[in-house]
Amino acid sequence: MAMFSTGVLVLTSPLHTLPVRIAPVLSSAAQVVERTLYVHLHPGLNLGSTGQARPVCIPPVADVSSLISRLYSNAADVCGHLDVRVLLTNFRAQQGLVGTKGSNNPFPSPQTLSHSPEVVLTDFPLQDPGQSPLVAQCLQKYAGCCYACSPGLTSVLLHPQLKSLQEEDALKSGGVGEAEPLETYSDVVVGGTFDRLHGAHKTLLNISCLLANRRFVIGLCDTELLKNKVLKELIEPYELRAERLREFLRDIKPSLQYEIVPISEPFGPSITDSELQCIVVSEETRKGGAAVNKKRLENGLSELVLYEIQVIKDAHHSEIEEEKISSSSFRSRLLGTLLTPPKDNPLLPHVPYVIGLSGGSGSGKSSIARRLEALGAVCIDGDQMGHETYRPGATAYQRVVEEFGNDILNEDKTINRGALGKKVFGNKERLQSLTDIVWPEIALCVKQKIQQAREEGKQVCVVDAAVLLEAGWTDMVHEVWVTVIPEEEAVSRITARDGLSEEDARRRLQSQWSNAQRVEHANVVLCTLWDPDITQRQVQKAWDLLQERICKRQVKSSL
């Protein structure tokens, strides 16, 4: 079957039967759609009659909230590659609406989605195979009434793949009571980082939209609230997170007024906005919700209703990841992968493929280099090259002595790196004078080593250089790999390894580029925070993916 980039899945099964059907339905849909899958709920919709099926407003009920959680949880398990979005335009907290016209039509005109659907799918049960053309035609017309779809919209009936569930549905259909209404609120608020939107975020956002009738306020963590996050350097920029939120929310329920507010402390607008009525929390943020209400009372405002949702378990989590679906787990999975495609430099020979490896003091950069060397790379030690430039007789030696004086020499006329360091530390101009002398000489040494590796037929070189980025040596490498470590861990390692005081260790780190600056230039990021075997798995993953890129590059160049 042909694959489509974007599709709309119209679920027509009764709400009480959907929980057992969601996983197989999503699994079948994932065989047809490869990027974005919108989910439209219309329980009881009849696509098998000769009359035209039309969308109607559906009142929110408690079962819908539970279904949303179940749907995103199942999606994470069976089709994690898809961007699944549950649409709520047709859910409205209005009573007494009957018929299919006028105010009961949630789509006065087709809604434009962020991604135009190319295919519409449904779980509608066929009574006999002869119904297929009628149902397919009815489904296309129904989807066209709701959403602005691509020309030539294709329809796919998933029912033939779901027959095994019919008997189970029939057993469940007995004894179904009246649906419990869901209390809704004019103004709803939530807070979070919302980094790399995932199923847990979408559950929180969808249920909040279901509860909100007028306005939805989102406090989006920024600056201070990001400092203690795991792999904070990989958190998407604020504007990107905000824009992705806006896009998602516009798709989900365009009738709401959305306010996305940056927050640098835990409460944000939740303790100052008098119009807010409800805050949506999870099991782990329940105490935060209670703290919000305490602050509101102190500010003379009414308490918010706390609506609690369950966290979604992550069936694929590793030993360093949380059991729930979380952004930190998603960031950890990025380690070793290609974050940014490398820029093609026509001046660089294809062989050897050169990796520039950079990282701050204590980041584990050298241990990564050794692991890559064990996998077959030629490792060029930038620090060792630096030492060679200071040796008597080297080109840079005499210039350094002339610039900084004979008092930086040991008795044997070698340069005392400690004495030299004292002259440049904290003095940007003097440090610049030193690097202007030394860095070009180190670069020449590195280029010679790369040329030697080329002559020996080596395929991959790793230039292990702390100052790779500061020195502007990226023109010598095909990719930049960066190792990061939290500052506290780096300080601990430096004090233990080099015998420095904590204060001196922090000063050393502050004199270097920050992790965030390095990551900005990185194609691949690695982290040595955890056990050595976890670091090894990161490196192995990075190496395997590198080999794939090199292979594709070779094939492309041979064409």
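Strands and pockets of a predicted model

In strand β4, residues 119–122, the side chains of V119 and L121 point one way while those of V120 and T122 point the other way, and all of these residues are buried. In a regular strand the side chains alternate between the two faces of the sheet. The model described here is predicted.

Strand β4 has pairings with β1 and β5. Strand β1, residues 4–11, runs parallel to β4 and is joined to β4 by four bridges. Within this pair, G7 stands opposite V119. Strand β5, residues 154–157, also pairs with β4 in the parallel sense, over four bridges.

Five strands form an open sheet in the order β12-β13-β11-β14-β15, and their pairing is parallel. The edges are taken by β12 (378–381) and β15 (524–527); each has a single partner strand, so one side of each is left without a neighbour in the sheet. From one strand to the next, the twist averages 25°. The partner of β12 is β13, residues 460–464, which runs parallel to β12 and is joined to it by four bridges. One of the bridges links D381 with D464 in β13.

The pockets come next. Rolling a probe the size of a water molecule over the atoms shows where empty space is left. The largest pocket has a volume of about 1,900 Å³. Its lining consists of 47 residues, and R417, V467, R508, S511 and Q512 lie nearest its centre. Among the elements that give two or more residues to this lining are α9 (365–374), α10 (382–389), α12 (417–424) and α14 (487–498). Helix α13 gives the most to the lining of the largest pocket, with eight residues. By class, the lining of the largest pocket holds 15 nonpolar, 20 polar and twelve charged residues.

The second largest pocket has a volume of about 1,100 Å³. Of the 41 residues that line this pocket, G191, G192, T193, E284 and T285 are the closest to its centre. Elements that contribute two or more residues to the lining of the second largest pocket include the strands β6 (185–192), β7 (212–221) and β9 (278–282). The helices α5 (199–211), α7 (286–298) and α8 (327–334) also give two or more residues each. The lining of the second largest pocket has 20 nonpolar, 16 polar and five charged residues.

Key:
Residues are numbered from 1 along each chain as its sequence is written. This is a predicted model: local features need pLDDT of at least 70, side-chain atom pairs count only at pLDDT 80 or more; totals for chains, interfaces and linings use all residues. Side-chain values use heavy atoms; hydrogens and water are left out. Buried means under 20% relative accessible area, exposed over 50%, partly exposed in between (1.4 Å probe, protein chains only). Two strands pair if DSSP finds at least two bridges between them. On a 1 Å grid over the protein atoms alone, a cavity is a set of points where a 1.4 Å probe fits but cannot get out, and a pocket is an open set with protein on both sides within 12 Å along at least five of seven lines; lining residues have an atom within 4 Å of a point. Grid points are joined across faces, edges and corners, and a volume is the space filled by probe spheres set on the points. Ala, Val, Leu, Ile, Met, Phe, Trp, Tyr, Cys and Pro count as nonpolar, Asp, Glu, Lys and Arg as charged, and the others, Gly among them, as polar. Axes are lines fitted to C-alpha atoms, for helices over the stretch in contact, and angles run from 0 to 180 degrees between N-to-C directions.
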